[in-house]
Amino acid sequence: MRRRQLRTPAPRAVLAALIGIVAVGGGARALTDEEVFREFTFSFINPGPRALGMGGAFSAVADDVTAVRANPAGLHYVTGTDAFVEFRSIDRDTRITTSDLGSLAVDPDTGDRELPFLGLTSVAEAERSDEPTFVGAAHSVLLGQPGRRLTAAVSRHVVWSDERRLASDREVTAARFAFDSFPNTVNGNTVEAYSVETQVSGASKTEIVYWSAGASFEIHRDFSVGATLSHATLDLRMNTTTRVVDPLELFLDPQNPRLPAQPVADVFESGIDDSDSDLAFTVGLHWHPDSIFGGGTSPWRVAAVYRKGATFEVDESTLVNGSPDETFVNRIVVPDRYGIGIDYTVRRYWRVAVEVERVEYSDMLDGFRSGVNFLTSGRLADGAFGVDPDAAIEYDVDDETIPRAGVEYARALSQGGSGIRFQAGYYRQPAGRIHMRAFNSDDPDVNATYLDAFRAGEDVDHFTAGAGYGFGRMAVQIAGDFSDDGTQLVGAFVYSIKRP
């Protein structure tokens, strides 16, 4: 973060700045302002290596079991019985964010100090995930005359799986601060301003799974509709410990005496060990105007999809110096999404797909809670610097549009059913971060500094590729997703019994 020469603001304004930097961290993706939730987010990609290989532009292409999640109307293309198993490996990069304001140094000649001071390090180290993420099966039947197809499918889909720690081999999550009212102290041979340090440790493990049943129906030769109902489950395990190291007891909480084992620090803890479930659904439309083409097969496919996300509520408890503090509901909302897609087959072997999806990230603000973090909790000694965190800082997150594009080359190798497929794709993932919208310091320079430092974040370009080989009733597929955020690798096995 670049340094600016700041006027010395009032203590209340400085505390507001301090609250902002700890509450939001390196662009918080949180449902409370705790450090452990900073990287809590949702990366949406349809299941299956083909979908990933084509950059997720799959709602119009969807023609296998994964359509139960990508676009249930696409189950129309399952003409017998299909089974699908996917294994996914995700290696996310560790995020380390550092920033500083002011300095603790004391000028030896004049005694001047560059206060207020704030130094912050935020660490989110993600564990690698390797697990089966999609298992599904579909079966179709013909109803009446002229034989409209009804296809039903069931699946288990891991929508989100994430495990993180607040420390890496190089850094730990911590904040250090000092105000004008703080005395000088001696650190070795150096005179500097006394400072308070918060040291944060913790971890989280989150898994969201959708158990789904869906169906499509061919209401016209050129048109199918579909719907999927999902029983969504959340399992969340989280714990944090914040040690506020303050030997001079400038921030002592008289209502919660310090632990005998921690005579120079206050200890704040939070934890979640809970599960919840909710219903979610997806509805889709698929237009394939086969009847207007002489060969009986349209090169065009057009799709529209709406996905209603789940809302979960889990109990979170906090402790101060070993004593129970409060228990409250932490709400986690999977954003709603809707989009349209177009697929076009070129010269028999090539197909090009594009898709535009709108994600209502603002849903994540439903139940967002500040004041759980120590420095936003109003626990400062005697209320000398106390502020109302809800009044001092406003949070926001923008709804985003995600463009996706992909190409696929598919060719049969023999009359026995063997064939090859290759995919390539691209999509641009928006930041989707909860960020500061208004920062109500008395000093405009403080406002400008922190609004600039803790903006919404950067979009990330994703490049994808995939390949598949089919032989008889079986097929194997692989795909990869490569970006500055990390790497995903997906493999799948498909077994299909086609109706004659």
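**Cavities, pocket, cores and rings**

Author: Start with the strands around the largest cavity. β1 (80-92), β4 (129-143), β5 (148-165), β19 (419-429), β21 (460-471), β22 (474-483) and β23 (486-498) each give at least two residues to its lining. Strands (E, at least two residues) and helices (H or I, at least four) are DSSP runs, numbered from the N terminus. The model is predicted: local features need pLDDT of at least 70, side-chain atom pairs need 80 or more, and totals for chains, interfaces and linings use all residues. Numbering starts from 1 along each chain as its sequence is written, and side-chain values use heavy atoms, without hydrogens or water.

Reader: Which strand gives the most to that lining?

Author: β5 does, with six residues.

Reader: How is empty space found?

Author: A probe the size of a water molecule is rolled over the atoms, and this shows where space is left. On a 1 Å grid over the protein atoms alone, a cavity is a set of points where a 1.4 Å probe fits but cannot get out; a pocket is an open set with protein on both sides within 12 Å along at least five of seven lines; lining residues have an atom within 4 Å of a point. Points join across faces, edges and corners, and volume is the space filled by probe spheres on them. Here the count is eight cavities of 30 Å³ or more. The largest cavity holds about 550 Å³.

Reader: Which residues lie nearest the centre of the largest cavity?

Author: Look for S43, I90, R92, W160 and Q488. They belong to a lining of 37 residues.

Reader: How does that lining divide by class?

Author: Ala, Val, Leu, Ile, Met, Phe, Trp, Tyr, Cys and Pro count as nonpolar, Asp, Glu, Lys and Arg as charged, the others, Gly among them, as polar. The largest cavity has 11 nonpolar, 13 polar and 13 charged lining residues.

Reader: How much space lies in the second largest cavity?

Author: About 190 Å³. Its lining has 19 residues, and F44, R69, V159, R307 and R337 are the closest to its centre. β5, β11 (265-287) and β12 (300-308) are the elements that give two or more residues to this lining. β11 gives the most, three residues. By class, the lining of the second largest cavity has nine nonpolar, six polar and four charged residues.

Reader: What volume has the largest pocket?

Author: About 1300 Å³. The lining of the largest pocket has 47 residues. R50, D63, R351, R421 and K498 lie nearest its centre. Strands giving at least two residues each include β15 (337-346), β16 (350-359) and β18 (400-412). This lining divides into 15 nonpolar, 15 polar and 17 charged residues.

Reader: How many residues has the largest nonpolar core?

Author: A nonpolar core joins buried Ala, Val, Leu, Ile, Met, Phe, Trp, Tyr and Cys through side-chain atoms within 4.5 Å. Buried means under 20% relative accessible area, exposed over 50%, partly exposed in between (1.4 Å probe, protein chains only). The largest core has 34 residues, and F42, I208, Y210 and F312 have the most contacts inside it. β5, β9 (196-220), β10 (223-245), β11 and β13 (311-320) each supply at least two of its residues. The largest share, four residues, comes from β10.

Reader: What is F312 in contact with?

Author: Contact means heavy atoms within 4.5 Å. Leaving aside neighbours within four places in sequence, the partners of F312 include I208, A232, L234, D276, N330, I332 and V334. A second, separate core has 20 residues, among them A57, V61, V65 and A492.

Reader: How many aromatic pairs does the structure hold?

Author: Eight. Rings of Phe, Tyr and Trp (its six-membered ring) pair if their centres lie within 6.5 Å; planes under 30 degrees apart are stacked, over 60 edge-to-face, the rest tilted. W300 and Y344 are a tilted pair, 4.3 Å centre to centre with 40 degrees between the planes. W300 is in β12 and Y344 in β15, so this pair ties together parts 44 residues apart in sequence. W300 is partly exposed at 38%, and Y344 is partly exposed at 32%.

Reader: Why is the pair of Y426 and F463 called tilted?

Author: Because its planes stand at 50 degrees, with ring centres 5.4 Å apart. Y426 in β19 and F463 in β21 are 37 residues apart, and their pair links distant parts of the chain. Y426 is partly exposed at 27%, and so is F463 at 49%. Ring pairs also link Y349, W350 and Y409 into a cluster.

Reader: What does the secondary structure of the chain come to?

Author: Five helices and 23 strands. Of the 500 residues, 53% count as buried. Among contacts with a separation of 6 or more, 71% join residues 24 or more positions apart.
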